[in-house]
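Please read the following report alongside the sequence and the coordinates. It takes up selected strands, helices, loops and a pocket in turn.

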Amino acid sequence: MSADLREHLEYIKFEKYLNKLNKKLKNKSVIIYGSGSLFQYIKEHYDLSKLNITGVSDMKFTPEMEGQEFLGYKIIPKDKMTQYNPDVVLVSTLKYVSIIEDFELNIFDKTKTRVYPLARIPFWDLVKEIWSK
């Protein structure tokens with residue numbers, strides 16, 4: 001799996017995109033949504049220290065887990081993300097379109113929080129993902 005993730009991140013030029021995110025999100029509070037293999041691989045192989053990550057959220061994190069640590073970051077249950085008032089939520093999943101759409105329309109719709117992918121895929125791959133629904 002890690003070889004696949006490495007190849008995928010090289011294909012999408014993740015390091016270049018991460019550098020752009022670092023500049024764009026300087027001094028912004030960030031929550032990472034998605035704690036699966038993609039985020040774990042990125043955390044292990046890339047420097048995320050320039051992002052002001054206030055916590056990691058995932059649907060598997062229960063309210064009782066709030067405040068505990070996952071990979072060195074504070075756990076934030078999904079239903080409590082808005083209470084942390086992040087400037088940005090970075091979605092760390094390979095198929096992120098529906099998650100971003102849900103967050104923008106239903107969770108962060110009345111806030112100034114922006115939602116972006118942590119690892120953005122090329123435009124035509126994105127079109128294929130959308131049309132394959």
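## Strand β5 and Val88

Helices (H or I, at least four residues) and strands (E, at least two) are DSSP runs, numbered from the N terminus, and in this predicted model Val88 has its place in strand β5. Val88 counts as buried because its relative accessibility is 3%, and buried means under 20% relative accessible area.

Leaving aside residues up to four places away in sequence, Val88 touches Leu25, Ser29, Val30, Ile31, Thr113, Arg114 and Tyr116. Leu105 lies 17 residues from Val88 along the chain, and the C-alpha atoms of the two are separated by 15 Å.

Is Ser57 buried or exposed? Ser57, which has its place in strand β2 (residues 52-58), is buried, with a relative accessible area of 0%.

Met59, by contrast, is found in the loop between β2 and β3 and counts as exposed, at 67% relative accessibility. Met59 and Pro77 are 18 residues apart in sequence, while their C-alpha atoms are 6.9 Å apart in space.

In helix α3 (residues 37-45), the buried residues are Leu38, Phe39, Tyr41 and Ile42. Seen down the axis of α3, these buried residues fall within an arc of 165°, and they therefore line one face of the helix. An α-helix has 3.6 residues a turn, so residues three or four places apart point the same way. The partners against which the buried residues of α3 pack are α1 (2-11), α2 (14-24), β1 (29-33), β2, β3 (69-70) and β4 (73-77).

Helix α4 (residues 97-107) has Val97, Ile100 and Phe103 as its buried residues. They cover an arc of only 135° around the axis, which puts them on the same side of α4. The exposed residues Leu105 and Asn106 are carried on the face of α4 turned away from its buried side.

## Loop residues with positive phi

Phi of Lys13 is near 55°, a positive value in a residue other than glycine, and Lys13 has its place in the loop between α1 and α2, where it is exposed, with a relative accessible area of 55%.

For Asn85, phi is near 50°, again a positive value in a residue other than glycine. Asn85 is found in the loop between β4 and β5 (88-91), and it is exposed, with a relative accessible area of 55%.

## The largest pocket

Which residues line the largest pocket? The lining consists of Lys24, Leu25, Lys28, Asn85, Pro86, Asp87, Val88, Lys112, Thr113, Arg114 and Tyr116, and the volume of this pocket is about 150 Å³. The lining residues divide into four nonpolar, two polar and five charged.

Notes
Residues are numbered from 1 along each chain as its sequence is written. This is a predicted model: local features need pLDDT of at least 70, side-chain atom pairs count only at pLDDT 80 or more; totals for chains, interfaces and linings use all residues. Side-chain values use heavy atoms; hydrogens and water are left out. Buried means under 20% relative accessible area, exposed over 50%, partly exposed in between (1.4 Å probe, protein chains only). The arc is that of the directions from the helix axis to the C-beta atoms. Contact means heavy atoms within 4.5 Å. On a 1 Å grid over the protein atoms alone, a cavity is a set of points where a 1.4 Å probe fits but cannot get out, and a pocket is an open set with protein on both sides within 12 Å along at least five of seven lines; lining residues have an atom within 4 Å of a point. Grid points are joined across faces, edges and corners, and a volume is the space filled by probe spheres set on the points. Ala, Val, Leu, Ile, Met, Phe, Trp, Tyr, Cys and Pro count as nonpolar, Asp, Glu, Lys and Arg as charged, and the others, Gly among them, as polar.
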